[in-house]
Amino acid sequence: MSTSTDQSAQRLCWIYPDRGTVRQRAAEADAIWTTYTKIAADCGLRMSIHKSEALAAEMPAEGEPRVFLDGERITPEDTILVTSLWSLPHQVNEVCNQLFAYSIVEQAGFYLPIHPRMSYITTDKLATMLYLKDSPVRRVPTVRIGTGRDAISRHYEPALANLEYPLLVKPAYWGMGIGVCLVRNEHELRGVIGLAGGADTALVVQPYLGEGVEDWRVYVIDGVPHTVLRRIPQGASLTANLVNGGRLEYPPVPDELKGALEYVARQLDMPYFAADFLWDGRQFWLSEVEPDGACGYAPTEEVAAIQRPVIEDRFRAYIAAHARWIAERNGGGAA
């Protein structure tokens with residue numbers, strides 16, 4: 001667990017699965033958590049990171065519920081809980097704990113800047129497309145199929161009838177470019193489905209938009225586009241992540257995205273999120289939304305300096321939204 005030293009500050013508690021390897025945890029601490037904790041302290045927040053099973057709650061026969069985090073009581077007035085659903089392959093075992101813990105703290109009256117319902121919708125790629133079906137920017141056509149033991153029956157084939165090869169196949173609820181595959185025919189598709197079935201992992205299937213497709217991430221704070229991160233893939237890479245050799249730029253917000261960003265902001269109604277769009281050289285496509293879109297892994301000091309205002313303004317938006325929520329709950333209207 002990582003915390004700042006000011007014990008009197010308002011708390012910002014991240015609920016995050018502790019399922020990574022020692023190497024993964026060290027990399028996350030260096031690239032994200034250490035920076036987040038320092039910036040949170042500058043904003044007057046005492047930040048800490050906890051597993052979902054660290055939450056305990058009591059509903060007595062009379063009176064109000066009590067919630068404890070790692071044995072310490074927390075209250076809706078003094079604590080902001082960041083409750084994004086995490087479901088990467090090494091975190092799947094904790095999905096149930098997260099789902100129910102987030103529902104419990106919501107019912108216990110805590111302010112959650114990432115509403116559980118929105119987190120559940122945005123975690124699954126097809127659920128995101130369905131929820132944002134009226135986006136002014138075209139959505140990537142998406143088919144979601146189950147795998148598992150019955151996949152050998154090819155029950156998924158009717159759902160794929162309107163897609164043409166080559167196709168991009170990826171896990172329905174992972175992220176970070178993990179598991180993205182290009183398939184050129186039905187035989188390759190069956191092979192990928194068979195592998196995914198070994199872990200009962202649902203897949204989404206999308207058209208392949210071609211080589212060199214860029215990923216444009218827009219950080220949105222208080223409903224307004226804040227910073228744009230343009231990620232450019234290396235060669236024929238299927239993802240533009242830095243870890244896969246991609247390079248990054250920070251351009252202005254393209255005019256073509258402004259209407260879609262306003263629409264997504266209205267639909268999500270959250271103080272902070274990251275919206276991802278794909279650029280195929282001719283047009284943008286809405287790809288996905290991440291309520292806890294990370295801002296980290298800065299390769300240079302220059303990039304770190306660009307990222308800092310995104311993180312700081314995110315935290316200040318959380319503080320302001322929490323204050324408004326407390327005022328409204330107490331009957332005092334907006335703060």
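Phi of R154 is near 60 degrees, a positive value in a residue other than glycine.

The model is predicted, so that local features need pLDDT of at least 70 and side-chain atom pairs count only at pLDDT 80 or more, whereas totals for chains, interfaces and linings use all residues. Residues are numbered from 1 along each chain as its sequence is written, and side-chain values use heavy atoms, with hydrogens and water left out.

A positive phi is also found at D70, where the angle is near 50 degrees in a residue other than glycine. D70 is placed in the loop between β4 (66–69) and β5 (72–74), and with a relative accessible area of 48% this residue is partly exposed. The loop between β7 (143–145) and β8 (167–171) also contains P166, and the peptide bond that leads from Y165 to P166 is cis, with omega near 0 degrees.

In its secondary structure, the chain comprises 7 helices and 15 strands. The radius of gyration, 21 Å, is close to the 20 Å that the globule rule gives for 335 residues, and the chain is therefore as compact as a globular protein of that length; the radius is taken over C-alpha atoms, and the rule is 2.2 Å times the number of residues to the power 0.38. The C-alpha trace spans about 60 × 45 × 40 Å along its principal axes. Of the 335 residues, 49% count as buried. Where contacts (heavy atoms within 4.5 Å) join residues at least 6 apart in sequence, 67% of them join residues at least 24 apart.

The structure holds 11 aromatic pairs, defined for rings of Phe, Tyr and Trp (its six-membered ring) with centres within 6.5 Å, and termed stacked for planes under 30 degrees apart, edge-to-face for over 60 and tilted for the rest. The rings of W14 and Y36 are tilted, because their centres are 5.4 Å apart and their planes stand at 45 degrees. This pair links distant parts of the chain, with W14 in strand β1 (residues 10–15) and Y36 in helix α1 (residues 22–42), 22 residues apart, and both W14 and Y36 are buried. W14 also forms an edge-to-face pair with F315, at 6.0 Å centre to centre and 65 degrees between the planes. Here the partners lie 301 residues apart, F315 being in helix α7 (residues 301–329), and F315 is buried, as is W14. Together with Y16, W33 and W86, the residues W14, Y36 and F315 form one aromatic cluster.

E262, in helix α6 (residues 255–268), is partly exposed, with a relative accessible area of 49%. E262 and P225 are 37 residues apart in sequence, and their C-alpha atoms are 8.6 Å apart in space.

Methods: Helices (H or I, at least four residues) and strands (E, at least two) are DSSP runs, numbered from the N terminus. Buried means under 20% relative accessible area, exposed over 50%, partly exposed in between (1.4 Å probe, protein chains only).
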